[in-house]
Structure formats: structure tokens, C-alpha cells
Amino acid sequence: MKNKHLVLLFLLVLLLGLVGRRLPWRCQSDLRGRLVHAPEAIYRIQVSREGQTDLFLEYTAAGWVAEQEGRIVPISRDTMAALFDLLGQLRHFTPLTDKESTRAFATAKPIHLQLFFSDRPPTSLQWGLEQSDSEGPWTLVRIAKQEGVYRVRGAFRSWFDRTIDDFRNRKLLLFDLTQACNIALYWPTDSSVLLEKIDSITWQRASNTPENPYLSFPYWLNAVAQLQNLPFADFFDESREEEWLCLTVVLTACDGKTFTLRFFALEPLDLPEDVRSLHRQGIKALPRYVAHSSANPHNYFALLDAEVGARLCAGP
């Protein structure tokens, strides 16, 4: 009799195991898997968000590029390798209940992702809320052809919550300005001055006249050193460079490296026909001052603080 009970118990456990293995993915409590198998086969990614024009990441003969609103920017190989690693890693997935799934995208507008592959049909994902807990970041995701919504370990939404500006080079300074040894300043009025550093805080004319030190120059140079992560000035009309130029600065490091900064004052201010780049960067009023660097020749940058712009244009 006992043996019969043991046999029945064994069969029951075996049956439950078989049923459990065949249950839909969303009914399991904890899973491990990949969002994308073999992501290196991706050749195009379309990112769609409410209120934004679509962003495309695409592989071309010249390499990976980002495209939005007709502007194309190259993407580094390392950036795409990091993305493929993010999509292809084994992750922990937790299915949400029906009630949780209904509320999943109520607190965060979904980011739609369309993935195109060279060896299989396209697939799509939707990113929802992204938060962190004691184990690290997680993101809510709805996967095409899967029922329900899942919580997946990893910061996915923040990676794709970008515009093309996030892939553009924002560098203005070629080297740390503490390395500068000689600086030449040129104003359009045909006036100029060449300065050289004589100690850590004092600059003087290159003619080595110590009675005329430029003690205030480090303060102006410090303002230049703060020019980082500036918004792009895509509204700038390059054909009016000569008209708006107020100061040209050539900076030379002790090791011989050199680059040129130019500052422009826009007068009068002409609102451009296409203001999408301003709105995308949260700029509400057209900036009066613009900076440009030979270290990043294809981009102009807006100086949002008019007082700082005026001080930089005036020189030390």
C-alpha cells in the first residue's frame, strides 16, 4: 500500500513538473533570458516617442550613424558595441500581473523600438518606467509576440531616451587650459595682444615686460574653461560670421598643441525659420552669443547666459 502511495506521489510530482514547464512565460515567477538574440545582426533601429520626431540608428557603408530631422551624425563603434551588449546579455525577467500590466505605462510614456535584422523579420519592444532598487536598475518592457509586460534588469529606457544631439560631439577645448602657455587675442578692430604665462596665475605680454602683467587674465580664462556641455547653435548663420565675429582666441599649450576659439555676438537677432533644434534642447529664447572651436569645426554652440557671453567677447 505504501509503495502504491509512493508511486502515485511520484507520478503527481512528475505531472506537476511537466505542466509547470509548459506554462506560458508570464506565469513563471523568475526567468532569465535575452531581449535580443544575436543583436549583431541588427542593421537598423527606429526609436519612436510621443511628441518627438523618430530617431534612426542605421549601419551604412561609412559605419553607424544617427539620423533625425534630416541631420546625420556618425556613431562610434564603441557606442554601438555597448548597445549590443546591453540588448544581448542574459537578464532576469519578472512578469507583471494583469493589473500591473494595465498600469505599466501610465506613469511613463512608452518608447517604441523597432529592430531590423539582416537574417530575420523585424521585431519591436516598448520601454516603460525605469527605476532602481537595492539590486540595481530595472525597466518595464512589452515584447512583441509575448503576452503581458515584464520587469527586466537593466537601464534600457534611459539609453534610448535620446535625441540626435546626444550623439554629437560637444567638445570645445582641445586641452585643459591649465596647460596653456601662450594665448593670442584678436579683435575685429585690428587690435590684438599676445600673452604668455609667467607663473601659475600671472600672464604678461610676450615681449617680457614684467611691469605690465595681466593679473585679471586668469579669471577670464577660467570663464573659457567652463564652456562645457553647451547646447548646439544650429540656428547660427555661417554666412554672417564676419559680421558677427567679436573675438578670436588662439591657444597654444606648452607641448605645442594649438586650437582656435571664436566668439560671436548676433545683432540683430533673427529668429530662424526652423526652430525645432531650439525646442528640442529646451531653449525658449534665441541666444545672443555663440562660440565656435577649431577642435570641433562642424558645430556652433549657444551661450545661454548673455552676461557671460558679453564678458567672453570683451576679453580680459
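By contact I mean heavy atoms within 4.5 Å. This is a predicted model, where local features need pLDDT of at least 70, side-chain atom pairs count only at pLDDT 80 or more, and totals for chains, interfaces and linings use all residues. Residues are numbered from 1 along each chain as its sequence is written, and side-chain values use heavy atoms, with hydrogens and water left out.

Helix 2 comes up now. Helices (H or I, at least four residues) and strands (E, at least two) are DSSP runs, numbered from the N terminus.

Which residues of helix 2 are buried? They are Met-80, Leu-83, Phe-84, Leu-86, Leu-87 and Gly-88. Buried is under 20% relative accessible area, exposed is over 50%, and partly exposed is in between, with a 1.4 Å probe and protein chains only. The buried residues of helix 2 pack against strand 2 (42-49), strand 3 (55-60), strand 4 (63-68), strand 6 (91-95) and helix 4 (157-160).

Next, Arg-262, which sits in strand 16, residues 258-265. Its side chain makes a polar contact with the side chain of Glu-241 at 3.1 Å. A polar contact is a pair of N or O atoms within 3.5 Å; within protein, one must be able to donate a hydrogen and the other to accept it, and residues adjacent in sequence count only if both atoms are side-chain atoms. Leaving aside residues up to four places away in sequence, Arg-262 also touches others, including Leu-245, Val-290, His-292 and Tyr-300.

Now the cysteines. How many disulfides does a search of the whole structure find? Two, a disulfide being a pair of cysteine sulfur atoms within 2.5 Å.

One is Cys-181 with Cys-254, sulfur atoms 1.6 Å apart. This pair links distant parts of the chain, 73 residues apart: Cys-181 is in strand 11 (residues 180-187), and Cys-254 is in the loop between strand 15 (245-253) and strand 16. The link of Cys-181 and Cys-254 is right-handed, with 45 degrees about the S-S bond. Cys-254 counts as exposed because its relative accessibility is 57%.

Cys-246 and Cys-313 are also joined, S to S 2.2 Å. Cys-246 lies in strand 15 and Cys-313 in helix 8 (residues 306-314), so the pair ties together parts that are 67 residues apart in sequence. This link of Cys-246 and Cys-313 is left-handed, at -45 degrees. Both Cys-246 and Cys-313 are buried.

With the bonded cysteines numbered in sequence order, the pairing is 1-3, 2-4.
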